[in-house]
Structures are given as structure tokens and as C-alpha cells.
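Hi everyone, thanks for making time for this. I'd like to walk you through one structure, so please have a look at it before I start talking.

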Amino acid sequence: MSENKKPHKWRDTAWKKALTNGGRSAIEYFMPDLAADMDLTRELTGTTGVELQKSDADSDNDMRVLDVLFDVPLKEGKNGDLALFIEQQHDTDEDFALRMVETYVRLKELKRHNLTTGFAIFTGNSPDMGFWFDSCYGFEVSVKYRTFHLPSRNLEELRKDRRPFAQVMLAGRLSLDAGDDPALRERYAWEILNRISEQEYSLKDQNCILDFTRRILWLDDAKINPKLREVYKMKAIKTV
């Protein structure tokens, strides 16, 4: 199966791998307040495809599958560990905000963590949906959560940001501009390589950026210059 024939598959895979492999850098980028409370001496565990089912569910239709779930260790005195869920959405889904609410509720029902939070990354055509509201005869519920809308991010501001996960965001943003144009994809892939060489990123962050860029810019596509693909493979090997 060619990933190029199923763009939603390789796109989702690219983001999920980047978020889990670069978990600490991702949290530092998206949630600096949480990063400040993390216990850096303990392992940060990220998992994709976690299944959450209602306690009274009768079928798989009641199953909620998370994009990414982190067990975040907090410093002593910060009320234990925390469940952080991240949802990545490319195309429009009118029920997305409700899904965020349901995911939060199901995680709280499990009582595995003292604290629960989450945020959403909109990586393509989807509008920025960070609020949910419902009312019925005087009973009103509203939920707000953090969102990051990649298409509206300014390219020059992303280029100025030297944080490791900012390079992932930049590669994702450039992929939207490049579309299916091999020349642009090659140009942007070289840009990311040059940016990595100018910084002293950890080996883990380097590999995360390289792997994400290779996937999101479709560098395994036969249309891409094989020399560029080889450079990415060699860089990845050297950073292991």
C-alpha cells in the first residue's frame, strides 16, 4: 500500500509519531505552563490509539479512540500525575468539539489520574473549534479548550522560532503550501535540513523532526529527487 494514495493516513501517522516521539518538546511548545510543572526525572509516556469505551456501552459504536494520550509525571506537590490527550484534525468535523468533551469525561470516569486536560491541533481544512456549548431548559454547559490552528500560523513567525517542535510545526505549515508540487516539497525539505544543522538539538528531537518532515513532505514519493531521500536517511542514521 502506498501512503501517497491515502493522504489522510500518512498525514495522521506523521503527526501522531511526531507528538509521541517528541512528546516533551511538544508539551514545552504547546503548554509551557504544564511543562514547568513536569517532573523531568521521571519518564513521560505517550501512547496512540488508546480506546475509551463508555462503562455501559453495548457496541463498538460507543468506542472513542484517542490520537495521543500522555501520562505526564508532575513534580511533588502538584497533585499527582496528569492525563493529557491531544487530538489532531485535518478535515472539518462538525462533531469535533463534542468529541473533545466526551473524551475528557471518559478519562475522568476512569479515575486513573488526579488531573486531566487536552488540546487540539488543526492541521488542514478544519476551522478552529475550541469551544462547545449546549443548553436545555435552563441547564447550560460550556467547555473551552486550547487549540492550535496550523493554516493560520504566520510562516515568518514560525521560521523565527528555534524551539525543536517549532520545526515540526514549520514543516507541517510548509507542507500545506507545497501541496503535491515536488519542486516545492524538495525546497522545503532542504530548508528544514539546513535549520536542523544550525541548531544543537538533542538526538531525539533531531530524529523527530527528520522523520516528520520526510513523512509530511512525502519524500518517499518517486517524484522526489532520490538524492534528497538519501540525505534524510543518512542524517537519521547519524543521529541515532
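**Rings, sheet and helices**

Let's begin with the rings: there are 8 aromatic pairs in this structure. One of them joins F96 and F122, and the pair is edge-to-face, with 5.1 Å centre to centre and 65° between the planes. For edge-to-face, the angle of the planes has to be over 60 degrees. Now, where do these two residues sit? F96 belongs to helix α4 and F122 to strand β6, so this pair ties together parts that are 26 residues apart in sequence. Are they buried or exposed? F96 has 0% relative accessibility and therefore counts as buried. F122 is buried as well, its relative accessible area being 0%. And before you do anything with these numbers, do keep in mind that this is a predicted model.

There is also an aromatic cluster to look for on your screens: Y29, F30, F119, F148 and F165 form it together.

On to the sheet. It is open and built from 5 strands, in the order β1-β4-β5-β6-β9, with mixed pairing. Which strands are at the edges? Those are β1, residues 45–48, and β9, residues 146–149, each of them pairing on one side only.

Strand β6, which covers residues 115–122, pairs with β9 in the parallel sense, over 4 bridges.

My last stop is a pair of helices, α6 (residues 164–178) and α8 (residues 203–216). Their axes come within 9 Å and cross at roughly 5°. Angles under 35 degrees count as roughly parallel, and α6 and α8 are therefore roughly parallel to each other. Which residues meet there? From α6 we have P164, Q167, V168, A171, G172 and S175, and they meet D205, C208, I209, F212, T213 and I216 of α8. Sorted by class, this contact of α6 with α8 has 7 nonpolar, 4 polar and 1 charged residues.

That's my tour, and I'm happy to take questions.

Conventions: Residues numbered from 1 in each chain as written. Predicted model: local features only at pLDDT ≥ 70, side-chain atom pairs only at ≥ 80, totals over all residues. Heavy atoms only, no water. Pairing = 2+ DSSP bridges. Axes fitted to C-alpha atoms, helices over the stretch in contact; angles between N-to-C directions. Parallel < 35°, antiparallel > 145°, perpendicular 65-115°, else oblique. Contact = heavy atoms within 4.5 Å. Nonpolar A, V, L, I, M, F, W, Y, C, P; charged D, E, K, R; others polar. Phe/Tyr/Trp six-rings, centres within 6.5 Å; stacked < 30°, edge-to-face > 60°. Buried < 20%, exposed > 50% of the residue type's maximum accessible area, 1.4 Å probe, protein only.
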